[in-house]
Amino acid sequence: MTTPLLSIITINYNNAQGLQKTMQSVFDLHFTDYEYIIIDGGSTDDSVDVIKQFLANPEYAKKISFWVSEKDKGIYNAMNKGLSHVQGKLVNMMNSGDCFIADALDKLPIWEKEHPGAVLHGAISKYKDGVFVGCEGPSSLTIDTIPLCHQATFVPITLHKQYGTYDEQYKIYSDFEFWNRLKKQGVPFTWINQIICNFDASGVSSVVNDARWKEKEIIQKNYGTYAAPSLLTLGKRFIKKLIGKY
């Protein structure tokens, strides 16, 4: 079997409608050098039926290298489970509800060839309750303070093999911890000037709550990048918490 350039992992739990949209966006990609891994957390809605409907199409089924529906221990446990089945050179995490833009990966082979061993990261179009709220794409220079969106990130699997998978003690920001871990080891991060996906801002990591801020601050303290928030920042947090926006 030829090693694919990209392994796409989708995790899902009781989000059949979102899963259907995400899977369709994967199969609608112009780029085809990928395998698809689906990790369902034992959903009790129609999620498994959605997967089976796609499997019934031979063109889609041949791209699905692994899928499972079983209880897991949370988001990052599911993502780590997906990583254990990766055969590609690069990994992208596209959670259920988030959708690739069809032509977003057309230049992925070029980017990977020009920047071997680097974490490639682009931008997202962000939607909340179906309404466009803007585009985001943090700079490579601010990785230790502003989290990358893993849906727009492509990680060489060799980095997971060398530096580990997601730390499951963190329930919301383990990907942020992973970016900090890689940066501390001197791994290069390369910006790709491309909007990769439409991002659903109603997910766990987009919910403004004290647990989210606390996890981020713990990680930053562990990596020596924490600075106590200013009164202005605290005020902005309070306002965002009140209106429920990220």
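In this predicted model, Lys-183 is partly exposed, with a relative accessible area of 31%. Its side chain forms a salt bridge with Asp-144, and the closest N and O atoms lie 3.3 Å apart. This pair links distant parts of the chain. Lys-183 sits in helix α7 (residues 174–184), while Asp-144 sits in the loop between β7 (131–136) and β8 (153–156). The two are 39 residues apart. Asp-144 is buried, at 18% relative accessible area.

Side chains of opposite charge can pair when their charged atoms come close. The whole structure holds 6 salt bridges. One of them joins Glu-70 to Lys-81, with 2.9 Å between the closest N and O atoms. This pair, too, connects distant parts of the chain. Glu-70 lies in the loop between β3 (64–69) and α4 (75–83), and Lys-81 lies in helix α4, 11 residues apart. Glu-70 is partly exposed, at 37% relative accessible area, whereas Lys-81 is buried, at 17%. A salt bridge also brings together the side chains of Glu-59 and Lys-62, at 3.1 Å from N to O. Lys-62 is exposed, with a relative accessible area of 59%.

The cysteines were examined next. A disulfide is a covalent bond between the sulfur atoms of two cysteines. The count here is 0 disulfides. For Cys-99, the closest cysteine sulfur belongs to Cys-197 and is 8.4 Å away, too far for a bond. Cys-149 is in no disulfide either; the nearest cysteine sulfur, that of Cys-197, is 5.4 Å away. The cut-off for a disulfide is a sulfur pair within 2.5 Å. Cys-99 is buried, at 13% relative accessible area. Cys-149 is buried as well, at 18%.

Definitions and conventions: Residues numbered from 1 in each chain as written. Predicted model: local features only at pLDDT ≥ 70, side-chain atom pairs only at ≥ 80, totals over all residues. Heavy atoms only, no water. Buried < 20%, exposed > 50% of the residue type's maximum accessible area, 1.4 Å probe, protein only. Salt bridge = Lys/Arg side-chain N within 4 Å of Asp/Glu carboxyl O. Helix = DSSP H or I, 4+ residues; strand = E, 2+ residues; numbered from the N terminus.
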